Structure formats: C-alpha cells, structure tokens
Amino acid sequence: MKDEVIVAVKSARMDRFVNFTITSDLFAPEGNFSFEADPRYDVSVGDLCSIFVNRKIVLAGIVDTVKRSLSKQGPSLSFEGRSVASILTDSCVTKFSTLPTKIDALAERLVRPLPFIGKKDFVYNGAKKESVSRKFVEISPGDTVFEVIKRAANSQGYLFWASPDGKFVFDKPLVRGKADYKIHALEDGSEMDYIEGSVERTINGVHSEVKVVGESQDGDDIKYVMATAKNGDMPFAKPLVVNWNENDGPAKRTAELQVAVEKASSTRLEYTLKGFSQNGKVWQINKFVDVRDDYNGVEDAYLVKSVTFTLDRQSGMRTKLELQPGGSL
C-alpha cells in the first residue's frame, strides 16, 4: 500500500503536495516541516496543524511562514513551521523569582504564560516528584523555558523530549528495548533494506573510565566519595574525573550515566529508505531498529534519533534515519 501524508489545518485536510520535508529529532524537539501544496488550500501563519502519515500523527506543529506566488506556470503555495515544542525553545523565562525544585511544579510554573500548552500536555513517567538541586534551576537572562526544564530533567537522569502528538515527556533514556523495525544489508545479497547507508564511529570526547569524586555530609562527619564506571569499548586508557556533590544523586549513577552518554555519541548511523513505513509501522523516533549491515560492519540494536520524511518528483517518497546506541540524554 502506498504511504499517505495528510496535513490537518483549520477545517481542511491537505493531501495534494508537490514536495515536502518533515523532520522529527529526539534531541531537537522543535522539529520542522515544509510543504509546497495545492494553492487552493487555506493556511495562515500561526495556524496549528497536525501531520499524519498513514493516519498516524508524526508531528503536531505551528505554521511559521506562508508564501504565495504567481508566475507563468500558475499560482503556488508553500508553508513551513515547527513542532509546538518550538514555543518552549523560542520563549525566554521572563520572571526571575525563585523556581520550584520539583520537576512537575517547575514545568507547570514555566509553561503557564505560554500559548497552546497546559498541564495535560506533560507526561512525567516517574519524574513528577523528583527533587532538583537549586543550582540546576538558577536562571540567567536569555535562558529559554526548554533549556531550564531540560537542565533540571537531565540532572536527575531524565530525558526531556516531545512526542509526535505534541506531548512533553520526561523519561529515562532508553538503553535497550525490543526492536520495532529492521535494517538488513547482507553480504550474500539476500536482503538489502536501504538505498544508502553509512556508519560513523569516533572516540572524540569518549573516555575509558569515568571517576566521580566529591564529599558527602553525614551528620557532623564529612565523607570522601568516589565512584567509577568503565567503558570497555574505548581502545586505550583515557580517564575522566568529574566533580560531584550529594545533590547530584548517587555518585555511581552519575558515573554510569556519563559513560552511557559518551557511548551513545560515539557511533552514528544514517540510512535512506524507500517509503515512510515498514511492515505497516510508520518510522518514529525513540524506537529501536535491529541493524545488520554487513557492508558497513554493524550488527546490533540502535535507537532512532531522527526521522526525516521527504517527497519530490525525482526521488518520490523517502525516509532518512539517524540512529545511535541508546542511553543518551
């Protein structure tokens, strides 16, 4: 079955496009989209829209820009915008009073003045009552709402991201999980799931072990604290020492989280595939893919970091994926 894209704006359901690009990214939650469409559609800046692929929502957005033009070829319409999360990334904190240190109270305080977003748009998944050290909610002029909430969430080991339907989610970063998709390219030629693929590995910013050191107050006594986590994938010794205090949470967890983040950033896979779905499942961020790529030398489960859907006259419908190991904040 051919994949179908629909954009719902106002009372219209758009499905006639010359070309488009739709991007969702786990770590850049504002996303983006651009369409060249039938000029008879009614769309204006500031409109809320929902983008569906095969009747599954992939982005809840706001139209930023609309362009209408006329030439010898006839009238044309193009429009572009970003996810509703762009409200958080574009809006600076304007009140510099003391902020709550509970994650749910912090989020609700900061989004209260913003349009389109309310309490019901947040999903906490265990983070709701987490206490954050005061230093992580100190505000400087120019800090955006998203930066402040993300900093607080990350300090407690939570990822803060925007789901396709426009919800703002606090959750532990996925390290492992059941694969929802597969990308196989076997040397014997029996399977070849992608049009183009690449694997990039780096040890820049990666360490063989992370030591977390600091002091903890226990009544009248001060205790020296040290915890270590090792990265067995690093080919030679390159240690990192991180300063710690008890407001950061358990020292061992801090060390392990740093190693997980470094591992996730050390490998990046990019694949271009036909269509927008696989076996009836639309490609989405924060899902695992079973990758066996004999040509590029990888075989493991990788997390979908970024999904870009494109349509043009030359290539038709394509999906570009960026994958990485799980565990990153």
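This briefing describes salt bridges in a predicted model. Side chains of opposite charge can pair when their charged atoms come close. With a cut-off of 4 Å between a side-chain nitrogen of Lys or Arg and a carboxyl oxygen of Asp or Glu, the count comes to 21 salt bridges.

**D121 and K120**
- A salt bridge joins D121 to K120, and their closest N and O atoms are 3.5 Å apart.
- D121 is buried because its relative accessibility is 9%, under the 20% limit.
- K120 has a relative accessible area of 68%, which is over 50%, so K120 counts as exposed.

**D143 and R151**
- D143 pairs with R151 in a salt bridge, with 3.6 Å between the closest N and O atoms.
- The relative accessible area of D143 is 13%, so this residue is buried.
- R151 is partly exposed, because its relative accessibility of 29% falls between the limits of 20% and 50%.

**K305 and E322**
- K305 forms a salt bridge with E322, and the closest N and O atoms lie 3.8 Å apart.
- This pair links distant parts of the chain, 17 residues apart.
- K305 is in strand 20, which covers residues 298-312, while E322 is in strand 21, covering residues 316-324.
- Both K305 and E322 are buried.

**The network**
- K305 and E322 also belong to one network, joined by salt bridges that share partners.

Conventions: Residues are numbered from 1 along each chain as its sequence is written. This is a predicted model: local features need pLDDT of at least 70, side-chain atom pairs count only at pLDDT 80 or more; totals for chains, interfaces and linings use all residues. Side-chain values use heavy atoms; hydrogens and water are left out. Buried means under 20% relative accessible area, exposed over 50%, partly exposed in between (1.4 Å probe, protein chains only). Helices (H or I, at least four residues) and strands (E, at least two) are DSSP runs, numbered from the N terminus.
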